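Please look over the sequence and the structure shown below before reading on. The paragraphs that follow lead from the overall fold to individual helices, rings and backbone details.

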Amino acid sequence: MNVKTMPADPKGVDSGPHFMDGDHALAEGALAAGCRFFAGYPITPSTETFERFAERAPEVGAMFIQMEDELSAIAANIGAVWGGQKVMTVTCGPGFSLMVENIGLAAMTETPMVICNVQRAGPSTGAPTLTAQQDMMQAKYGPHGDNAMIALSPDSPQECFDLAIEAFNLSEYYRVPVIILTDETVGHMHEKVVIPPADQIKVVPRNLFTGPKEDFRPYKFNSKGGNPMTRAGDGYRFHITGLTHNEKGYPVVTAEQNKIVVTHLMEKINGNADDIVRLEEDQIEGADVVVVSYGITSRIAVKAIQDARKEGIKVGSLRMITIWPFCEKRIRELAGKVKTFVVPELNYGQMVNEVERCAGGKSKVISVNHCGGAVHDPEVILEAIRKGSK
Amino acid sequence: MSQDIAQFKKDSPMSGTLRMDRMSHIWCPGCGIGSEVNAFAEAVKRSGIDPDKLAVVSGIGCTGRVAGYVDFDSIHTTHGRAIPVATGLKLARPDMKVVVFSGEGDLTGIGGNHFIHAARRNMDIVVICNNNFTYGMTGGQVTPTTPHSAVSSTTPFGNHEYPFNLPFLADAAGATYIARWTSMHSRNLIQSMEEALSRKGFSFIEIISPCTTLYLRRNRLGDGVDALQFYQENALLKHGADTRTLDLDFQGKITIGKFVEKDKPTYIEALDNQCVKVVGDDYELYGKTIPEREAEEKAEKARVAERRAAVLAEEEKARAKAGVVKVSAKIPVKAGAKKAVAKTTKKAAAATTKKVAAKTVTAKKTTAKSTTAKKAVVKTAKKAAPKAKAKAAVKKVAAKPATKKVAAKPAAKKTRK
C-alpha cells in the first residue's frame, strides 16, 4: 500500500497509558484516526464505544448522534462521509443484520467507513450478551450481491486501538467499508492500552479530487486502491447511486456495466490481498500442526500450544489479524507441508471451511468448534493438536 | 441532429440546475414529478442559494430518481433511507442546505420511522414528498397514503386500510414548516419551496401528484390532464388549516396551503444550547464559535439576498419586455407564522447594505467582545454609508443583538483554536 500518510490530529489523541476495555479502545482508536462523526444505536456489548464517543465528541469537535435504529445509523454515516467526514459505528449481530442493507450501499458507492461488530452469541437475539464469533461469514456475505470488504479481528484492547486506526487507513485507501470483528470478551476485557503520541500515529487522509470540474469522476474502475473521491460543497456536484453506474456515477443498468463495476469492487480487495492481509505467525517452520485462530480464541489457543510443545509436539500458530480477504495464499503454501491445521473458533465452524478449501485435501483440517456463550477450554484445543500430530 | 439536441440542452433555462446530459428522464407522460422538479429548480434559482452548497438526497422509486437529474451534489440512497443519509450529510456539513426529494412510499412507508424522528429532532432539512398514492416503480401497489377504497394492484377489490394524513403526521412529530400543494399549483409550489429553502428547521412539503400509468388507469380516472382538472376543481386553499382536518378521501376535496410555520431550535442549535447551559464557557459550539457562526450567517444572508435580487431583477426585465404584470410574491401567513413583510424588508435591508455587512463581518472577526464589535459595526457603517436610507438600514443590522438564542455572553469571548 503505497500511500501518503500524515501524523494524527493531536486533538483526538489521548496519549499515554490507560487501563480500558476493548470497546473504549475502539472509540479512542477512531478518534486518533481522525473520525469526527459517529451515528449509532445502542446494543450490548458494543454500547461502551458508543458512550465514550458521545462523551468525547464535544472535546474534539466531533458530531455524535444516536439515531432511531441501526438502519438509519449506518445511513447517516454514509451521508456524513460524503459530507467529508471520517465515520465509525459499532453494533453487534442483531444490529449488524439491519446494517447490511446500507453496508451494501457503502460498498457499491465506494464509501469509506468503519463498522465494529462486537459479536455476541446468536442466532437472532441469541444469548445476550455472551461471547461468540458467529458473524465471520456475515461480514463477507452480509450484503446481497457480489462485493468484497475488509474485516479485521483484534485479540486485545491494545489491538482494538491499533486496528481501529488501521481500519480507517485501509478504508480510506481502498474506499471500502472495513469491519472490525471483535467479540464480547475482547470488548469487555480491561487491559493496559498505550496510546502513542499523535506524531507517531500514521493516518491516511481522505484523498480528495482537486482537478478541474469537467475532469471529475467519482469512480475509477481500475481494480486499484487510492482513487480520489469528493465531498459535498466542493463544487463538483457529484452524483452517487446504489444502481450500477458509470464513472460519472450515473446509472447505467446493463450487463456490460455490471461486469465492469463488480469486477472492480471485487478485485480492488481480492486482487490486493497481499497488501492487505496481516498475519501473526509463530514457529510455523517445520511444524506438524498449525493452529489457525483469530480474536479471543487465539489467546485461548496459546495455552494449548504451549502445553502441546511441552509434550514435544511441533506446533505452530497462525493468527489471522485480517479475516477478509482470507489469507488464501499462506494456507495454500502451507498445505501439504504441515500434517494438520487445527481451527478453533467460537461458532459451529465458519472459517474452517475457508481453511479446508485452501488446504485442498493436502493437509488434514480439524475444526474445534464451540457454539459460543463462553470461550474454549484450552484442553479441547490441546486434544485436537494431539490428534492432528499423529 | 444530435448536435442540435446537445445545443438545445445546453441552452435550456434549466441548465445549471438540472443535469441536462441525463435528459430525457424516465418519468411517464402526465406524471407530476417532472413539473415538481421544474418548480424545485425554479425555487432554487429564486432562493439565491449557491447551487454548490445544496445537496439533494432521494430514496428509491420514481421520485427517488430525482437526485439523478438535479445538478447539485446528490445521493440516490437505498429504499427509505433518504432522510437519515440527509441527516448525516447535514450534520457533517452544517453550512449546506440539504433537501430530501422522494415519494410517499419511500418516506412514510419503509422510511416512516426516519421521517418522524427527523421531524422530532427538527433536523434542518427540507423534505419534499411526491404523494401519488402508489408504488409506481414496482407496478402500482397500495401505499400508506392510498385513499380508502381506491384500487391498486395489491388491493384489487379496493383499499381496506386507512391512509396517513401526512401533514398531521408531520405536525404531531414536530415539523416546523408544513405545506401541501398539488403538482398543478406550480406557482404556489415554487413559492413554498423557496420559503422552505430559506428557513431553518424541518420543513415538509407534500405534493399531491397524478400517476397516470397506474393509479389513474386502475381507478379509471382518466389521464394527466383530467387529473390536473380535478385538482383545479377540488383543491381548497386554506392556509393555517388545522392539520387534523386534512385527511384525503378517494376523489374528495384536497385542502392545500401552508399549515404550519413556527420557530424552534434546530437539532444543532438545541445541542449547542444544551451544552452551553451545562458546560458553559468550555464548550465549543459544533463546528465553530458563536461569533464565527454569526459572521458566516450574516455574510451568507447578504450573498443570498444579492443573488436573489439579481434573479428577480432579471425576471422583472423579462416581464417588462413581455408586458406581463407582476404577480404577488409571498404566500399569506396565518397565526403562529412569521411576519412575511418583516422578512422581506429585512432581506431588502441586507441587500442594500451588502458591503457594510461584509465589513461588519471582518470587524466582528477581529474584535473579541461583542459590545466593541457592535460599536465597530456602527462606526464602519457610518463611514461606509453616508446616505440616510442606508444608515437606517445599517442601524437595524447593528441594533440586532450580537447574541443569538444560543449566545451566552461569555461564550462569545471564546475564539477557536
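**From the whole chain to its details**

Of the 390 residues of chain A, 62% count as buried, where buried means under 20% relative accessible area, exposed means over 50%, and partly exposed lies in between (1.4 Å probe, protein chains only). This is a predicted model, in which local features need pLDDT of at least 70, side-chain atom pairs count only at pLDDT 80 or more, and totals for chains, interfaces and linings use all residues. Residues are numbered from 1 along each chain as its sequence is written, chains are lettered from A and ligands numbered from 1 in the order in which they are written, and side-chain values use heavy atoms, with hydrogens and water left out.

The secondary structure of chain A comes to 13 helices and 18 strands; helices (H or I, at least four residues) and strands (E, at least two) are DSSP runs, numbered from the N terminus. Among contacts in chain A between residues at least 6 apart in sequence, 78% join residues at least 24 apart, a contact being heavy atoms within 4.5 Å.

Since 10 of the 11 residues of α1(A) are buried, the helix is largely enclosed by the rest of the structure. Among the buried residues are Asp23(A), Leu26(A), Glu28(A) and Leu31(A). After the helix comes Gly34(A), whose phi is positive, near 100°.

Two packed helices are described by the angle between their axes and the distance between the axes. Here, axes are lines fitted to C-alpha atoms, for helices over the stretch in contact, and angles run from 0 to 180 degrees between N-to-C directions. Helix α1 (residues 22-32) of chain A packs against helix α6 (residues 157-174) of chain A at an angle of about 35°, with the axes 7 Å apart. On the α1(A) side, the contact includes Gly22(A), Ala25(A) and Gly29(A), and on the α6(A) side it includes Cys160(A), Phe161(A) and Ala164(A). By class, this contact has 10 nonpolar, two polar and one charged residues. In this classification Ala, Val, Leu, Ile, Met, Phe, Trp, Tyr, Cys and Pro count as nonpolar, Asp, Glu, Lys and Arg as charged, and the others, Gly among them, as polar.

A further neighbour of α1(A) is helix α2 (residues 47-60) of chain A; the two axes come within 8 Å and cross at roughly 35°. Residues of α1(A) that meet α2(A) include Asp23(A), His24(A) and Glu28(A), while Arg52(A), Phe53(A) and Arg56(A) are among their partners in α2(A). The contact of α1(A) with α2(A) has five nonpolar, two polar and five charged residues.

Consider next a residue in a strand. Thr91(A) lies in strand β5 (residues 87-91) of chain A and is buried, with a relative accessible area of 0%. Leaving aside residues up to four places away in sequence, Thr91(A) touches several others, including Ile43(A), Glu70(A), Phe96(A) and Asn117(A). The C-alpha atoms of Thr91(A) and Thr47(A) are 44 residues apart along the chain and are separated by 7.6 Å.

Over all chains, a search of the whole structure finds 18 aromatic pairs. Rings of Phe, Tyr and Trp (its six-membered ring) pair if their centres lie within 6.5 Å; planes under 30 degrees apart count as stacked, over 60 as edge-to-face and the rest as tilted. One edge-to-face pair is formed by Phe115(B) and Phe202(B), at 5.8 Å centre to centre and 75° between the planes. This pair links distant parts of the chain, 87 residues apart, and both Phe115(B) and Phe202(B) are buried. In chain A, ring pairs link Phe38(A), Phe50(A), Phe53(A) and Phe64(A) into a cluster.

Most residues other than glycine have a negative phi, and most peptide bonds are trans. The peptide bond from Gly122(A) to Pro123(A), however, is cis, with omega near -5°, and that from Trp324(A) to Pro325(A) is cis, with omega near 0°. In chain B, Asn122(B) has a positive phi near 50° and counts as buried at 0% relative accessibility. Arg220(B) has a positive phi of about 50° although it is not a glycine, and Arg220(B) counts as exposed at 76% relative accessibility.
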